[in-house]
Amino acid sequence: MTLAIYPGSFDPITNGHLDIACRAARLFDKVVIGVYDTPSRNLMFNTQDRVDLVRQSIDNYPNLEVQPFTGLVVDFARHLGARAIVRGLRAVTDFENEFEMAMMNKKLAPDCDVICLMANLKYAFLSATLIREVARLGGNIDDLVPLPVAAALKKKITA
Ligand code: ADP
């Protein structure tokens with residue numbers, strides 16, 4: 001069985017993330033979405049909420065799973081026996097960062113490869129940061145995030 005991981009902060013998961021995960025699920029037997037426990041940025045949702053929102057968003061995809069992880073992505077990959085790390089590329093600005101991380105990951109784990117999928121044109125401008133900001137300011141993000149995420153954002157903002 002060929003397994004891949006798709007790591008990220010997913011604060012919260014967007015349709016752009018989901019598009020990458022679903023496309024990866026067509027290429028691998030199983031894809032585990034890894035929700036990074038402790039990113040350096042300020043989070044809107046805690047780890048449990050981010051994992052729950054991913055889980056609710058991937059209900060219809062039998063070979064997609066979600067797990068939180070802490071520490072190095074390559075250790076998470078090794079722990080699961082994953083041969084590939086999936087990432088999404090939106091623009092040239094993503095490339096530099098992804099390239100640097102991929103080089104380091106290859107050094108740390110030579111038998112694991114990074115697979116980058118190009119963003120869907122519909123979601124090429126979309127980031128979780130932008131979603132949080134627009135939602136906070138009362139903009140409509142309903143067709144940019146899975147339904148459970150739209151509901152969670154509304155609840156968080158009116159709380
Ligand atoms: P973000 O950059 O939105 O805060 P993450 O840090 O959780 O998201 O990113 C996880 C992975 O998903 C990264 O490889 C990132 O480039 C990719 N990604 C994020 N948003 C999109 C999108 N709209 N389309 C394709 N890939 C994306």
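A salt bridge here means a side-chain nitrogen of Lys or Arg within 4 Å of a carboxyl oxygen of Asp or Glu. Keep that in mind as we walk through this structure, which is a predicted model. By that rule, the structure holds nine salt bridges.

Let's start with the one between Asp11 and Arg132, whose side chains come to 3.4 Å, N to O. Asp11 sits in the loop between E1 and H1, while Arg132 belongs to helix H5, so this pair ties together parts that are 121 residues apart in sequence. Are the two partners buried or exposed? Asp11 has a relative accessible area of 1%, so it counts as buried. Arg132 is buried as well, at 7% relative accessibility. The cut-off at work is under 20% for buried, with exposed starting over 50% and partly exposed in between.

Arg78 and Asp75 form a salt bridge, with the closest N and O atoms 3.2 Å apart. Both are in helix H3, three residues apart, or about one turn of the helix. Arg78 is partly exposed at 49% relative accessibility, and Asp75 is partly exposed too, at 37%.

Another salt bridge joins Arg90 to Asp94, and here the closest N and O atoms are 2.9 Å apart.

The largest pocket holds about 1,000 Å³. Its lining takes in 42 residues, and those closest to the centre are Gly8, Arg41, Arg87, Glu98 and Met101. Which elements give two or more residues to that lining? They are strands E1 (3–8) and E4 (84–89), along with helices H1 (15–27), H3 (73–80), H4 (92–108) and H5 (128–136). H4 gives the most, with nine residues.

Finally, have a look at the surface. Val92, Phe95, Phe99 and Met103 make up a nonpolar patch there, and together they have about 430 Å² of accessible area. Met103 is part of helix H4, the helix that gives the most residues to the pocket lining. With a relative accessible area of 46%, Met103 is partly exposed.

Definitions and conventions: Residues numbered from 1 in each chain as written. Predicted model: local features only at pLDDT ≥ 70, side-chain atom pairs only at ≥ 80, totals over all residues. Heavy atoms only, no water. 1 Å grid on protein atoms, 1.4 Å probe; cavity = no way out; pocket = protein on both sides within 12 Å on 5 of 7 lines; lining within 4 Å. Points joined across faces, edges and corners; volume = space filled by probe spheres on them. Helix = DSSP H or I, 4+ residues; strand = E, 2+ residues; numbered from the N terminus. Patch = residues over 30% accessible without salt bridge, like charges linked within 9 Å, V, L, I, M, F, W, Y side chains within 5 Å. Areas by Shrake-Rupley, 256 points an atom, 1.4 Å probe, with all protein chains shown as cover. Buried < 20%, exposed > 50% of the residue type's maximum accessible area, 1.4 Å probe, protein only.
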